Structure formats: C-alpha cells, structure tokens
Amino acid sequence: MKKSYIRIILFISILSFIFLSNSFVFRKLETTGLNIIMLLSLVVFYMILGFEKDRHRYVKDVILEIVIFLIAFFLIYYLFGIIIGFAKNTNYFTIKSFLNIIIPIILYIFIKEFLRYQLLKKSSESWILTILTCVFFIIMDNVIALESHILGFNRDTFLLIAVSILPSITENILCTYLGIKEGYKPGIVYLLIIDLYKYLMPIVPNPSEYLYSLIFLIIPILLLKKIINWYKSDRTDALEREYYHQRKKTLVIFLPLIICAFCLVYFVSGYFRYYAIAIASNSMVPNIYKGDVVIVDKYFKDITQGDILAYNYDNKVVVHRVYKIINTNGEYYIYTKGDANQDYDKYKITQDMFVGIVKSKLPLIGYPTVLLNERW
C-alpha cells in the first residue's frame, strides 16, 4: 500500500474518532467549533500530503446542469407547498441568522468540498479509500445531530436516521461523484443552493418530517442519474458549445415561470395582504361551493353581521358568515354560521382567530388542492 494511502487512512480515522467521540461522549461541538477543526485539518492535510490543483474541463457545464435541475425542483417543490402548506421563516435575513447560521454554513460547505476533493484526488486509484472518504463526510455532516440524540429503539433515533442520516448518505454520494468528475466547485454550488434556500426565502414549504426526508433523499439520486447520463452523451467541442448555449437559453425561459410561480405561492401562502383559500366543504352553499377559491383581505377594518369571515379553528381555516357579534363589558367575540347549516357554530371566535374578510371567489379552481388534501 502506498505511503500516501496510509496517511489518508490515518487522517480520516483520527478525524472520525474526534467527531464520534464528541457525538457520543463530550457533546459540546457546535458549527463554529466544527469549522475550526476542519480548518485545522486542512492545514494538517497540506503539511503531510499537499494540495492538488482543480483543473477540469466540464465544470461550467456541470454547474449549469445542477442549477437548471434545482430551479426546476424548487418550482415544483414550492408549487407543491400550495397543497402541503407553508411555514414563515423566522430567520429570514436577520443579522443574527446571517452571522450565526448563513456564514457558518457557507464556510462549512467551502471547507468540506475542498477537503473532499483533495482526499478524492489523493486516493483516486483506490475505490476503498473513495468509499471511506464518502463515509467520513457522512459522519461529519451528522456529528452535531448525533450529539443531541441518545440512540436507542425510540422515535427520536428513527427520526434522526430518516431526516438526517439517510438524506446525508445520498447527498454525499452525489458530492463524491461530482468531486471525482469535476472537482469541488459543482458540489459547492449544489450544497449552497440546497442548504441555504430555507434561510434566504421568507416562506418555505412545510412537509411532514417523513415527506421532507423522502424528498431530500431522492433529489440527490435524481440529479446523480441526470449527471451520469450527461456524461454518456456526445462531448465533441462543437456539440458542447451548442448544448451549453441551449442550456443558458433554458435558464432565460425559466425566469417568467419562476416569477409567476412565486407570485402564486406568496398569494396562496397568505404572505401578502390578499390570501387565497380553497374551500373544502359545502357548508356555504349556495354562495360558495366545495372546490371554490375565496380571496380574503387580511387587513380589513370592521366586521359587520353578514360578512363572510375566514378564521382559524381547530388547526383549520373555516370560512363562514358572521351570525352574531358580541361586544359587551370589553369582551368582543363573534359567532358564525355556514349558509347551508341548520344552526350557528356553538364556539366563540375571538380576534386572535381572525384571518380576514372574504372579498370574492373563483369557482372550482381549488378542487385539485381539496382532493389531494383529502387523499393525503
């Protein structure tokens, strides 16, 4: 075995031991500490093995493929959010999130992918070392998640595996392949987009933990398959230039789709003044039918008897007509009634439950959303 291979094995083994010791014994490592250890490991790596230059022919082409793929994915993902719902991002562009979350993540990604490339380059003739490198980065990605869990036959362990470890495996297989083929830059682009979107967007889709795990388990596999097929296609210079220009045009075509999709997403998510709600029952027949979409004004001034009010009740948005308004002794609340119902709703609706006043409706266009929600 080459001396360089022995050094790589020792390097990976020592760092893995440090990370796993922290996860199961010390439990004190945070993102900043992880970045410091990785920076020091880069210095040690350079001293014992040196750095390889990153020169690859198709870096720009592969990055373009990654960007187009992820744009298409996020378009679908956010449109799917219309069905599964959205969550507002509390860390959206705050100074605290920028300093404590975004910058450490960016630094972590750059160091990790540069180190991955150097390890892969030094062990390019050994598949065992390549696999060992991939496993090492899976450990590194989960070192902080592991330290907050006590492993056992329990729900927390299952969630850790499903939500953190399994997606990390497919993600690292993808980044390892990209590192072998085109160096560290494509992996950096992929991870920056996939890891930072949730901190740079004001709203994000809100799937269940298991659905989130499934989505981000599959996405690296689909992208890996796409990149592998891309390498199998003809790679002559003339065809490559033509293909590159076609893909750049594809990005331009995506722009109006992105604008329309995100306007729709923000409209449906209630982020703006007006909020679109798909009606899931016939309780307001004949004025509003199941599958209609009502447009709600969130910034209304007054409520009068006969207004159609949207409000939160029992973790659902209800759209019923105002039946009675009670305002006595400083206590203000409302009773509502569905137009098709025999009697009014027997629960009080207070101001903190209000969503808005219905201003108009769009017939039947919400039916797909209602059907999917009923089925899933």
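Reader: In which loop does P286 lie?

Author: In this predicted model, the peptide bond from V285 to P286 is cis, with omega near 10°. Most peptide bonds are trans. As for its place in the chain, P286 lies in the loop between strand 3 (274-278) and strand 4 (293-297).

Reader: Is D314 buried or exposed?

Author: D314 is in the loop between strand 5 (308-313) and strand 6 (316-328). Although not a glycine, D314 has a positive phi of about 55°. Exposed means over 50% relative accessible area; the relative accessibility of D314 is 58%, so D314 counts as exposed.

Reader: What is the relative accessibility of N315?

Author: N315 is likewise found in the loop between strand 5 and strand 6. Its phi is positive, near 65°, in a residue other than glycine. N315 counts as exposed because its relative accessibility is 84%.

Reader: Are helix 2 and helix 4 roughly parallel or roughly antiparallel to each other?

Author: The axes of helix 2 and helix 4 come within 10 Å and cross at roughly 30°, and the crossing is left-handed. Angles under 35 degrees count as roughly parallel. The two helices, helix 2 and helix 4, are therefore roughly parallel.

Reader: Which helices are included in what covers the buried residues of helix 1?

Author: Helix 1 (residues 3-26) reaches 33 Å from its first C-alpha to its last, close to the expected 34 Å. Its buried residues include Y5, I8, F11 and F19. The cover over the buried residues of helix 1 includes helix 2 (31-49), helix 4 (95-122) and helix 5 (127-147).

How values were computed: Residues numbered from 1 in each chain as written. Predicted model: local features only at pLDDT ≥ 70, side-chain atom pairs only at ≥ 80, totals over all residues. Heavy atoms only, no water. Helix = DSSP H or I, 4+ residues; strand = E, 2+ residues; numbered from the N terminus. Expected span 1.5 Å × (residues − 1). Buried < 20%, exposed > 50% of the residue type's maximum accessible area, 1.4 Å probe, protein only. Contact = heavy atoms within 4.5 Å. Axes fitted to C-alpha atoms, helices over the stretch in contact; angles between N-to-C directions. Parallel < 35°, antiparallel > 145°, perpendicular 65-115°, else oblique. Left-handed = near helix turned anticlockwise from the far one by under 90°.
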